[in-house]
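Please take a look before reading on.

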Amino acid sequence: MNHVFRLQVGPVSFRIGSQWRRPVAQLRRLYEGYPEPEGVCDFTVRLEAERVWRRWLRPSVAIRGDYVLPDAAPLPLAQGLLAAEMGMNLQMALGQKRFLLLHAASVERDGRALLMTGHSGAGKSTLGALLGERGWRFMGDEFALLDLADGRLHPFPRAVSLKNESLGLFDGVDPARLGPVLTGTPKGRIRHLRPNGEAVARMGEPATPVLILFPRFGRDLEPTVREVGAAEAFMRLTQASTNYVALGESGFDALTRFVGALPCRAIDYADTAQAQALIDELWAKA
Amino acid sequence: MRDARPLVRLLRDPAGAGQVKDWTSLVAVARAESLAGSLACRLEGLELPAPVEALLEAARRDGEAGRVQALWEAEMARRALAPLGVPIILLKGTAYAAAGLEAGRGRSIGDLDILVARPALPDVERALLAAGWEWVKEDSYDDQYYRRWMHELPPLIHRERDRMIDVHHAILPLTARPKPDMAAMIADRVALADGLFTLSPPDMIVHAAAHLFADGDMAGGLRNLWDIDRLLREFAEGDPGFWPALNERAARHGLLPAVGRAVRLAHHLYATPVNWCQAPISKSLISEATTPAKIGARHQLAAADLLYRRRLLARDGWGRARRPLIRLGFYVRSHWLRMPPLMLAKHLWVKARKPRR
């Protein structure tokens with residue numbers, strides 16, 4: 001491949017190859033300060049023209065790599081950075097077998113981790129990123145990696161993808177941490193945010209999970225807390241996991257231990273201030 | 001990495017792992033060829049850099065989870081079909097795993113492939129549909145085509161477990177020129193402990209070779225040839241009767257050319273030990289190769305073998321398919337093998353007129 005970028009994120013490493021210069025240049029800038037993987041990369045991502053001529057003519061980026069989805073739609077070259085991010089997610093979702101993968105945001109304080117999971121739009125990503133700017137260590141907003149052997153959470157602090165309205169919440173951050181604004185993507189307007197220096201410097205440190213939250217965002221919701229039983233938490237987390245089925249028994253063991261040992265709460269909120277107040281309250285008791 | 005040779009070398013000789021410079025490319029090739037689990041098992045116990053070891057360990061665990069799931073799927077089919085009282089013969093990966101064969105170690109197993117006698121097909125189909133399997137394709141041309149000309153039912157998928165089953169009644173499409181003796185193959189089956197069956201050792205090789213060289217476009221060929229290497233080693237070791245039996249079976253099923261090619265290429269790529277005096281070889285070659293010198297030359301690759309070899313190795317260090325022309329050639333050949341020219345023309349005409357999904 002003409003342009004190559006290697007990236008270490010927590011315990012996972014990627015080799016990203018591209019036929020075009022621009023996506024790799026954007027990745028380099030977005031992930032400035034991240035370590036370079038030593039030795040083997042866990043996953044290969046390829047950004048290549050869907051058809052030979054589409055490299056030059058209305059260039060369109062097909063997302064390929066070690067693991068592929070047969071019917072993944074290509075993206076225009078202007079969204080090449082998003083294609084790279086989606087390519088890395090795809091490798092994780094389909095190929096990661098070292099950890100139980102939970103579609104969740106996680107943050108840490110004093111070696112103890114808070115995990116937030118929920119449907120797309122529930123606000124876990126935004127909340128994770130906000131807490132990461134307010135005294136917590138940001139561990140990741142896309143995937144939480146649950147260790148199959150010891151039950152700890154490993155950080156996976158990739159760039160946060162801020163979508164649509166949530167972009168405005170991060171106006172104060174150092175502009176050097178922000179990627180280009182990508183418009184007209186399948187998920188609307190997107191801008192990537194590099195996690196702060198602490199999150200990057202400590203990406204090798206796992207943490208012990210102590211609290212699971214299922215946040216739900218809605219403009220007319222009353223702030224409420226509801227206890228979630230282990231069985232319900234288990235079912236919801238199997239749905240939030242991309243590799244639970246593939247891991248077989250080891251995934252089942254890890255997940256039952258996880259929900260059996262931790263308090264689980266569902267929280268409703270109408271704005272981030274409410275959410276933060278609820279989280280502080282629950283964290284003090286956890 | 002320009003082709004898959006470094007992967008083949010390492011599978012053949014794991015001791016070379018210390019010299020590997022570019023593990024990332026090697027792993028990309030192994031994954032693209034569905035050989036990551038097999039490679040990981042092959043390299044087990046060697047002193048390797050920690051990140052490499054972690055990656056291989058995950059591949060081994062993945063292979064083990066896949067093995068358990070494949071055997072469970074076989075058990076589900078066994079339960080669904082047991083009341084019929086017809087023998088169910090496991091094929092390919094599931095068979096290797098169920099029989100505890102070396103070829104099953106770390107092997108990725110996709111669909112469940114079973115073989116039943118053709119007259120049992122309607123009952124088997126009904127029993128599977130009643131037990132939760134559903135049709136994958138809803139297209140009436142495809143459905144009819146499968147039923148009339150193929151060696152298997154249209155694929156079925158289980159509605160809860162999301163796993164596919166291919167129900168075969170023969171090992172090659174009915175339109176293919178070789179006509180394997182399916183009654184003999186089914187009669188010679190070997191019982192497993194749980195009431196399921198596998199093919200006999202020689203027929204297992206014949207099936208693997210037929211699948212690789214007499215059907216399909218050689219996709220995943222490097223893995224299928226690795227199966228053949230492992231099977232030949234295990235079956236031939238300590239059984240002097242194996243090579244003659246393989247020869248006899250290959251001839252009986254009309255598949256001497258495919259089996260002979262499989263043996264030659266496995267020997268050349270994976271250093272499979274072969275008893276050349278008794279190994280399967282086409283009749284035309286036997287008559288020429290009667291002097292000791294000519295028998296010695298049997299292991300040499302035929303001219304056409306070189307083309308197959310290029311196709312098998314056509315994968316670069318990014319996991320990309322290389323040699324598009326050779327690939328296209330084998331793709332065209334796969335259709336040519338499958339049906340007589342007139343029928344092929346009609347088939348392509350119908351397919352071309354259908355809207356692409």
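Predicted model: local features only at pLDDT ≥ 70, side-chain atom pairs only at ≥ 80, totals over all residues.

Let's begin where the chains meet: 17 residues of chain A are in contact with 18 residues of chain B. On the chain B side, helix 2 (23-32) and helix 4 (50-81) each supply at least two of the touching residues. Helix 4 of chain B gives the most, with ten residues. By residue class, the side of chain B that touches chain A holds twelve nonpolar, three polar and three charged residues.

Nine of its ten residues are buried, among them B:Leu26, B:Val29 and B:Arg31. Its buried residues pack against strand 2 (12-18) and strand 3 (43-49) of chain A, and also against helix 1 (5-12), helix 3 (36-42) and helix 4 of chain B. Just after helix 2 of chain B, B:Ser34 has a positive phi of about 55°.

Now for the helix pair in chain B. The axes of helix 9 and helix 12 of chain B come within 8 Å and cross at roughly 90°, so the two helices are roughly perpendicular to each other. The table shows who meets whom.

| Helix of chain B | Range | Residues in the contact |
|---|---|---|
| Helix 9 | residues 201-213 | B:Ile205, B:Val206, B:Ala209, B:Ala210, B:Leu212, B:Phe213 |
| Helix 12 | residues 256-270 | B:Ala258, B:Val259, B:Arg261, B:Ala262 |

The contact of helix 9 with helix 12 of chain B comprises nine nonpolar residues, no polar ones and one charged.

Conventions
Residues numbered from 1 in each chain as written. Chains lettered and ligands numbered in written order. Contact = placed C-beta atoms within 7 Å. Helix = DSSP H or I, 4+ residues; strand = E, 2+ residues; numbered from the N terminus. Nonpolar A, V, L, I, M, F, W, Y, C, P; charged D, E, K, R; others polar. Buried ≥ 20, exposed ≤ 12 C-beta atoms within 10 Å, placed from the backbone. Axes fitted to C-alpha atoms, helices over the stretch in contact; angles between N-to-C directions. Parallel < 35°, antiparallel > 145°, perpendicular 65-115°, else oblique.
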